[in-house]
Amino acid sequence: MTGSAAFWDRIAARYARKPVADEAAYQRKLAVSRDYFTRDSELLEIGCGTGSTALAHAPYVKHIRAIDFSSSMIAIAEKKRVDQRIDNVTFECRGVGELADDGRCYDGILALSVLHLLDDWRGAIGLVHDLLVPGGVFISSTACIRDMLPGFRFIAPLGRTLGLLPELSCFTAASLRRALDDAGFTIAFEWQPGKRQALFLVARKPR
Ligand SMILES: C[S@@+](CC[C@H](N)C(=O)[O-])C[C@H]1O[C@@H](n2cnc3c(N)ncnc32)[C@H](O)[C@@H]1O
């Protein structure tokens with residue numbers, strides 16, 4: 001298990017109890033995402049946490065494969081799935097780096113509050129591009145920490161060493177847009193609810 005998976009295992013129960021920070025913004029992100037889904041959509045969610053988003057989207061799509069490298073997060077997500085009697089979501093304990101090229105392709109891939117937690121976030125964007133069908137969408141919501149808190153990147157390593165923070169990648173919205181562009185995506189929708197809030201993007205792989 002990586003150090004970061006242990007961090008998320010440790011806080012999973014607390015994370016599950018925490019209310020969404022901005023419920024109106026979250027609901028708008030769900031609604032905008034659904035504009036890009038059909039009842040036949042096959043989705044992949046990376047870093048699904050306790051599964052709320054996958055379970056909320058389930059009635060609108062064919063199937064969602066939702067992965068997270070924290071077994072505690074996945075255990076909570078799976079319990080919610082069973083309690084809600086949802087049978088078109090599959091939760092899997094798996095890291096983004098373990099997403100093998102197994103021939104499976106997706107109409108949409110979700111990464112909500114995840115890219116800034118990945119060491120190789122550019123590599124993850126490239127992988128997502130490979131896993132999408134032509135015309136497929138990558139829906140992300142990302143804390144662009146380097147814009148939000150410019151000095152934070154100097155403090156983050158200490159927080160990590162003390163076990164108070166997970167691994168963090170501090171980049172700007174401009175570098176995120178550039179990485180999407182470099183991978184071959186076209187940005188179809190962009191919204192940042194507030195100056196210090198996550199940047200929500202829908203990026204499309206050209207047909
Ligand atoms: C901030 S939480 C977001 C959870 C969920 N997407 C949400 O919006 O509530 C980040 C999640 O990403 C997961 N995660 C971080 N790095 C990951 C990786 N390399 N592979 C798989 N999951 C990862 C963590 O375990 C955690 O559950």
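Trainee: What share of the contacts in the chain with a separation of 6 or more comes from residues 24 or more positions apart?
Mentor: Two residues are in contact if their C-beta atoms, placed from the backbone, lie within 7 Å. Here, residues 24 or more positions apart account for 68% of the contacts with a separation of 6 or more. Keep in mind that this is a predicted model: local features need pLDDT of at least 70 and side-chain atom pairs count only at pLDDT 80 or more, while totals for chains, interfaces and linings use all residues. Residues are numbered from 1 along each chain as its sequence is written.

Trainee: How many helices and strands are in the chain?
Mentor: Helices (H or I, at least four residues) and strands (E, at least two) are DSSP runs, numbered from the N terminus. The chain has eight helices and seven strands. Its radius of gyration (taken over C-alpha atoms) is 16 Å, close to the 17 Å from the globule rule for 207 residues, so the chain is as compact as a globular protein of that length. That rule is 2.2 Å times the number of residues to the power 0.38. Along its principal axes, the C-alpha trace spans about 45 × 40 × 35 Å.

Trainee: What percentage of the 207 residues is buried?
Mentor: A residue is buried if 20 or more other C-beta atoms lie within 10 Å of its own, exposed if 12 or fewer, and partly exposed in between, with C-beta atoms placed from the backbone. Buried residues make up 36% of the 207.

Trainee: Which residues touch the most other members of the largest nonpolar core?
Mentor: In soluble globular proteins, nonpolar side chains tend to be buried together. A nonpolar core is a set of buried Ala, Val, Leu, Ile, Met, Phe, Trp, Tyr and Cys residues joined through C-beta atoms within 7 Å. The largest one has 51 residues, and Ala66, Ile109 and Phe138 touch the most other members. Leaving out residues up to four places away in sequence, isoleucine 109 touches Leu44, Ile46, Val128, Leu131, Leu132 and Phe138.

Trainee: Is phenylalanine 185 buried or exposed?
Mentor: Phenylalanine 185 is buried, because 23 other C-beta atoms lie within 10 Å. Its place is the loop between helix H8 (173-183) and strand E6 (186-191). Beyond four places in sequence, phenylalanine 185 touches His129, Phe138, Leu180, Ala203, Arg204 and Lys205.

Trainee: Which residues of H4 are buried?
Mentor: An α-helix has 3.6 residues a turn, so residues three or four places apart point the same way. In H4, the buried residues are Ser72, Met73, Ile74, Ile76, Ala77 and Arg81. H4 (residues 71-83) has 13 residues and reaches 18 Å from its first C-alpha to its last, close to the 18 Å expected at 1.5 Å a residue. That expected span is 1.5 Å times one less than the number of residues.

Trainee: What is the phi of arginine 85?
Mentor: Phi of arginine 85 is near 55°, a positive value in a residue other than glycine. Arginine 85 sits in the loop between H4 and E3, and counts as exposed because it has 6 C-beta neighbours inside 10 Å.

Trainee: Where is serine 113 found?
Mentor: Serine 113 is in the loop between strand E4 (106-112) and helix H5 (121-131). Serine 113 also has a positive phi, about 60°, although it is not a glycine.
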